[in-house]
Amino acid sequence: LSQNSGANWNQIREGSDTDPYPDIEDLVYLRDKIILVSVYNKGLLRTTNHGANWETILPLTGQLLIIDTTTVLFAPNSPSPDLLISKDKGATWIKISAPDMNPAKLFLGSDNSSIYGIFGTKFYSSVDTAKTWSLRGDGVPNGIDNCASTANPNQTNFDFDAFGDACDTCVCHPMAALSLRN
């Protein structure tokens, strides 16, 4: 890490010839002199002056994804199925839910608004800054998908409730569903 705007660098841990940078897991540059870096055995570090000074903002390491000029998504390396999001360039973080487990990888779509993630062996997407996730493969956008966590390409919904048949825990007769609502 650098303590003087990159003029000199201090090695955090000895690397090897095959892995010269074993400690840095992910790094993002957010403009305005702000850099976030995930460092093994150090946590998530932040500088607001091009590396002259660093602060540990989270004791976790993981992957970072820049969503826009102020918003960053952070996926900690932990078994918890939570993601963290910052809308103020990493100064504060809010926990948000993720599908099933932490993602193996996060990607920003070419439209710079869709987020894609590989969670276990499943591929999910989000179009609302990771608030909700939809299992991809059924071709139905998040906003109208009646089974966000299960592929339901035809959007079948026998009982006409808010949940598609592929993920509905109570597929009732349509008339029973209507009488339950009245």
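This is a predicted model: local features need pLDDT of at least 70, side-chain atom pairs count only at pLDDT 80 or more; totals for chains, interfaces and linings use all residues.
## Where the confidence sits

Among the elements, helix α1 (residues 174-181) has the lowest mean pLDDT, at 52, while strand β4 (residues 55-58) has the highest, at 89. For the protein as a whole the mean pLDDT is 75, and 75% of the residues reach 70 or more.

## The overall layout

The protein has 12 strands and one helix. Of the 182 residues, 41% count as buried.

As a rule, strands of a sheet pair through backbone hydrogen bonds, either parallel or antiparallel.

Let's follow the chain through part of this sheet. Strand β9 is joined to β10 (residues 115-119) by four bridges, and the two run antiparallel. Lys105 stands opposite Ile118 of β10, and Leu106 has Gly117 in β10 as its bridge partner. The two strands form a hairpin with six residues between them, and Asn112 in that turn has a positive phi of about 60°.

Next comes β11 (residues 122-126), which is joined to β10 by five bridges, again antiparallel. Here Tyr116 has Ser125 in β11 as its bridge partner. The hairpin of β10 and β11 has two residues between the strands, and Gly120 in the turn has a positive phi of about 65°.

## Two faces of β10

In a regular strand, side chains alternate between the two faces of the sheet. Strand β10 has a covered face with Ile115, Gly117 and Phe119, and an uncovered one with Tyr116 and Ile118.

So what is Ile118 up to? Its place is in β10, and together with Phe107 and Phe123 it makes a nonpolar surface patch of about 230 Å². Ile118 has a relative accessible area of 30%, so it counts as partly exposed.

In soluble globular proteins, nonpolar side chains tend to be buried together. The largest nonpolar core in this model has 15 residues, and those with the most contacts inside it are Leu73, Leu83, Ile96, Leu106, Ile115, Ala130 and Trp133. The elements that give two or more residues to this core are β6 (72-76), β7 (82-86) and β10. Apart from it lies another core, made of 11 residues, including Val28, Leu58, Val72 and Leu84.

Ile115 belongs to the covered face of β10, and Leu106 is the bridge partner of Gly117.

## One salt bridge

Side chains of opposite charge can pair when their charged atoms come close. How many salt bridges does the structure hold? There is one, and it brings together the side chains of Arg46 and Glu55, at 3.7 Å from N to O.

Are the two partners buried or exposed? Arg46 counts as buried because its relative accessibility is 10%, under the 20% cut-off. Glu55, at 39% relative accessibility, counts as partly exposed.

Definitions and conventions. Residues are numbered from 1 along each chain as its sequence is written. Side-chain values use heavy atoms; hydrogens and water are left out. pLDDT is the predictor's confidence in each residue, from 0 to 100. Two strands pair if DSSP finds at least two bridges between them. Patches are made of residues with over 30% relative accessible area and no salt bridge: like charges are joined within 9 Å, nonpolar side chains (Val, Leu, Ile, Met, Phe, Trp, Tyr) within 5 Å. Accessible areas come from the Shrake-Rupley method with a 1.4 Å probe; for residues, only the protein chains shown count as cover. A salt bridge is a side-chain nitrogen of Lys or Arg within 4 Å of a carboxyl oxygen of Asp or Glu. Buried means under 20% relative accessible area, exposed over 50%, partly exposed in between (1.4 Å probe, protein chains only). A nonpolar core is a set of buried Ala, Val, Leu, Ile, Met, Phe, Trp, Tyr and Cys residues joined through side-chain atoms within 4.5 Å.
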